[in-house]
Amino acid sequence: MDKFAWQDGVAFVAGLVALLAPNLWGDDAGEQPLMVLGALLALAGLYALLGAPGPTAWTTTAFALLIFVSPWAFGFTGSDAAAWTAWIVGAVATIVGLWGATQVRGRTPAAP
């Protein structure tokens, strides 16, 4: 099992927020994309937290970036709660994911 990386914990929590937040709103704007992408981000973060082989840090970052662009892609920019949740969760998880991915790349040993 690899050393615990706080970036994986942030990805897991951000995914849970995107997954559960649509249940708190009065309308269903952006519910499906946020729940699907949030579940994927939470699973990627959970796999990384458990040290299981699975999605890389770049995959987690890609899920976070998809959450960030989802209001434009799925047309729910007019719903403030859904759109701002996607933008904040996506931005935080993307920034942290990029940080984690570049640190993993920096720890990779050089080829012989």
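Which residues does Gly100 touch, not counting residues up to four places away in sequence? Gly100 touches Gln7 and Ala57, a contact being heavy atoms within 4.5 Å. The views below come from a predicted model, in which local features need pLDDT of at least 70, side-chain atom pairs count only at pLDDT 80 or more, and totals for chains, interfaces and linings use all residues. Residues are numbered from 1 along each chain as its sequence is written, and side-chain values use heavy atoms, with hydrogens and water left out.

**View 1. The whole protein chain.**
The protein chain holds four helices and zero strands. Helices (H or I, at least four residues) and strands (E, at least two) are DSSP runs, numbered from the N terminus. Along the sequence the pattern reads α-α-α-α. Of the 112 residues in the protein chain, 38% are buried. Buried means under 20% relative accessible area, exposed over 50%, and partly exposed in between (1.4 Å probe, protein chains only). Accessible areas come from the Shrake-Rupley method with a 1.4 Å probe; for residues, only the protein chains shown count as cover. Among contacts between residues at least 6 apart in sequence, 62% join residues at least 24 apart.

**View 2. Gly100 in helix α4.**
Gly100 lies in helix α4. Gly100 counts as buried because its relative accessibility is 11%. Thr61 is 39 residues away along the chain, yet the C-alpha atoms of Gly100 and Thr61 are separated by 9.0 Å. Thr61 is itself one of the buried residues of α3.

**View 3. Trp58 in helix α3.**
Trp58 belongs to helix α3. Its relative accessibility is 44%, so Trp58 counts as partly exposed. Leaving out residues up to four places away in sequence, Trp58 touches Leu98 and Ala101. Trp58 and Ala101 are 43 residues apart in sequence, but 5.9 Å apart in space, C-alpha to C-alpha.

**View 4. The course of helix α3.**
Helix α3 covers residues 57-73. Its 17 residues should span 24 Å at 1.5 Å a residue, and the end C-alpha atoms are 23 Å apart, which agrees. The expected span is 1.5 Å times one less than the number of residues. A bend of about 30° falls at Ile67, and a proline, Pro71, follows within four residues. The bend is the angle between axes fitted to the seven residues ending there and the seven starting there. Both Ile67 and Pro71 are buried, as are Thr60, Phe63, Ala64 and Ser70. Just after α3, Gly75 takes a positive phi of about 70°.

**View 5. Ser79 in the loop.**
Ser79 sits in the loop between α3 and α4 (80-107). At 12% relative accessibility, Ser79 is classed as buried. Neighbours within four places in sequence aside, Ser79 is in contact with Asp27 and Ala29. Trp25 is 54 residues from Ser79 in sequence and 10.0 Å from it in space, C-alpha to C-alpha.

**View 6. A nonpolar surface patch.**
Leu43, Leu46, Tyr47 and Leu50 make a nonpolar surface patch of about 370 Å². Patches are made of residues with over 30% relative accessible area and no salt bridge: like charges are joined within 9 Å, nonpolar side chains (Val, Leu, Ile, Met, Phe, Trp, Tyr) within 5 Å. A salt bridge is a side-chain nitrogen of Lys or Arg within 4 Å of a carboxyl oxygen of Asp or Glu. Leu50 is placed in helix α2 (residues 31-50). Leu50 counts as exposed because its relative accessibility is 54%.
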